[in-house]
Amino acid sequence: MIPRTELLSYLETLLEPNRFQDYCPNGLQVEGQEQVHTLVTGVTASQDLIEAALDVGADTIIVHHGYFWRGEDPRVIGVKQKRLKQLLLNNVNLIAYHLPLDAHPSLGNNVQLSELLGFEVDGRISGTGDPALAMCGCLAEPQSVHELADHLRQQLEREPLVIQAHDRPITTIGWCTGAAQDYIQQAAELGLDAFLSGEISEQTVHLARELGINYFAAGHHATERYGVLALGEHLAQQFDIQNQFIDIDNPV
């Protein structure tokens with residue numbers, strides 16, 4: 001068990017949210033119990049995740065996608081009211097970290113994805129946020145487009161959408177989890193063979209073809225499971241708390 005204030009202080013030091021200009025508040029979003037004993041982590045603070053967390057007796061939930069996004073309707077009605085009501089009635093803390101959890105050098109979504117997929121990290125791609133979010137590196141060995149797509153399918157348990165712009169073996173690759181398809185241009189400027197993100201837009205298809213860079217859309221949810229999973233495991237090792245990652249299936 002750990003006081004909530006101590007946990008939040010540790011997370012602020014670990015993830016450094018003040019370094020980022022984010023689209024939502026990072027840190028504590030809904031205040032619940034003062035003592036943290038049972039932690040659940042997940043990608044998005046959906047109703048399903050809240051109910052699953054309550055089923056296992058969680059007093060604190062940490063997610064990558066929380067609430068109160070820039071530009072959203074501020075009224076507490078509908079879906080938002082139901083989610084907040086359930087958290088408040090059950091005195092459950094909701095903590096969320098967005099960009100800080102993408103960028104963290106050891107626990108972040110991007111570095112965790114590289115470890116899962118076996119990419120060798122060379123560094124960050126400039127022009128992809130401040131601080132930079134996207135990473136670049138090499139495959140352990142060259143692969144064809146179809147071989148890399150099969151690898152993604154096996155590791156992420158999701159069929160990737162592939163835009164093939166050339167048939168050369170893929171040696172170098174850039175990646176950024178979630179909705180980072182617009183960073184394809186920065187990846188192409190580096191001369192990378194391929195770029196991977198979670199989502200794809202209509203214009204991404206044309207850009208990939210015209211820039212001559214293969215593009216892999218591997219799923220927003222599928223690419224962003226691993227940062228919050230690693231964070232929960234890290235916190236359980238650091239403090240005397242129970243931890244469980246709950247994956248709410250999302251095909252997007």
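## Helix packing, cysteines and a buried threonine

Helix 2 and helix 3 cross in a left-handed way. In a left-handed crossing the near helix is turned anticlockwise from the far one by less than a right angle; if clockwise, the crossing is right-handed. This is a predicted model: local features need pLDDT of at least 70, side-chain atom pairs count only at pLDDT 80 or more, and totals for chains, interfaces and linings use all residues. Residues are numbered from 1 along each chain as its sequence is written, and side-chain values use heavy atoms, with hydrogens and water left out.

**Two helix pairs**

Two packed helices are described by the angle between their axes and the distance between the axes. Here are the values for both pairs.

| Pair | Angle | Axis distance |
|---|---|---|
| Helix 2 (47-55) and helix 3 (78-89) | about 15° | 10 Å |
| Helix 1 (4-15) and helix 10 (226-238) | about 125° | 12 Å |

Helices are DSSP runs of H or I with at least four residues, strands are E runs of at least two, and both are numbered from the N terminus. Axes are lines fitted to C-alpha atoms, for helices over the stretch in contact, and angles run from 0 to 180 degrees between N-to-C directions.

With an angle of about 15°, helix 2 is roughly parallel to helix 3. Angles under 35 degrees count as roughly parallel, over 145 as roughly antiparallel, 65 to 115 as roughly perpendicular and the rest as oblique. In helix 2, Q47, I50, E51 and L54 meet K82, R83, Q86 and L87 of helix 3. Contact means heavy atoms within 4.5 Å. Three of these residues are nonpolar, two polar and three charged.

Helix 1 and helix 10 are oblique to each other. Their crossing is right-handed. L7, Y10, L11, L14 and L15 of helix 1 meet L231, H234, L235 and Q238 of helix 10. This contact has seven nonpolar, two polar and no charged residues.

**Cysteines**

The structure holds zero disulfides (cysteine sulfur pairs within 2.5 Å). For C24, the nearest cysteine sulfur is that of C176, 15 Å away. C24 is buried, at 11% relative accessible area. Buried means under 20%, exposed over 50%, and partly exposed in between, with a 1.4 Å probe and protein chains only. For C176, the nearest cysteine sulfur is that of C136, 12 Å away. C176 is buried too, at 4%.

**T128**

T128 lies in the loop between strand 7 (120-124) and strand 8 (135-143). T128 is buried, with a relative accessible area of 0%. Leaving aside neighbours within four places in sequence, T128 is in contact with L133, A134, Y183 and Q186.

Terms used
Nonpolar A, V, L, I, M, F, W, Y, C, P; charged D, E, K, R; others polar.
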